[in-house]
Amino acid sequence: MQKCLVFGSLNLDYFYTVDHIIAPKETQSAPQMQCFCGGKGLNQAVALSQGGASVNFAGCLGQASSLLTETLTQYHISTEFLRQVDQPAGHAIIQVDGNGQNAILVYPGSNFAVTSEQIDETLAHFQKGDLLVIQTKSIG
């Protein structure tokens, strides 16, 4: 049976509703803030799972990120290859104005803790014909 592995990032995304995208030297209060699970890797894994695939997720999970593991579990995504690391979780700060324009600041955090050894150990559980989805910018 074909296996599916998503090796990528997972973040806590903090959305702030703002009057306008903040400018340099400006302070603005946000009347609303919402937190969602995100990261391109997590989003890809959820989409594959919703499409009927049996999905494994690999990457590094940082501190205070139980919401991320709960989301993976909710979508029946295996976390067998997800490593807990002693670093802050990846997160994004997203400003969204009244016109739907946004500005995003991303802190990769634990997403950049993936090592070459973790990649090799994880890929050893998969074989030719399995589906591999890769999304990340840096390997430690």
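**Exercise 1. In which order do the four strands of the open sheet lie, and which are its edge strands?**

Solution. In this predicted model, begin with the order of the four strands, which form an open sheet as β3-β2-β6-β7 with mixed pairing.

**Exercise 2. Are the pairings of β2 with β3 and of β2 with β6 parallel or antiparallel?**

Solution. Recall that strands of a sheet pair through backbone hydrogen bonds, in either a parallel or an antiparallel way. Take β3 as the partner: strand β2 (residues 11–17) and β3 pair in the antiparallel sense over seven bridges. Then turn to strand β6 (residues 90–96), with which β2 pairs in the parallel sense, over seven bridges.

**Exercise 3. Which residues stand opposite aspartate 13 in β3 and in β6?**

Solution. Start in β3, where phenylalanine 36 is the bridge partner of aspartate 13. Move on to β6, where alanine 92 stands opposite aspartate 13. As a further step, find the bridge partner of phenylalanine 15 in β3, which is glutamine 34.

**Exercise 4. Which strands does helix α2 lie across, and at what angle does it run to β3?**

Solution. Locate helix α2 at residues 66–74 and follow it across β2 and β3. Then compare its direction with that of β3, to which helix α2 runs at about 55°.

Key: Residues numbered from 1 in each chain as written. Predicted model: local features only at pLDDT ≥ 70, side-chain atom pairs only at ≥ 80, totals over all residues. Heavy atoms only, no water. Pairing = 2+ DSSP bridges. Helix = DSSP H or I, 4+ residues; strand = E, 2+ residues; numbered from the N terminus. Contact = heavy atoms within 4.5 Å. Axes fitted to C-alpha atoms, helices over the stretch in contact; angles between N-to-C directions.
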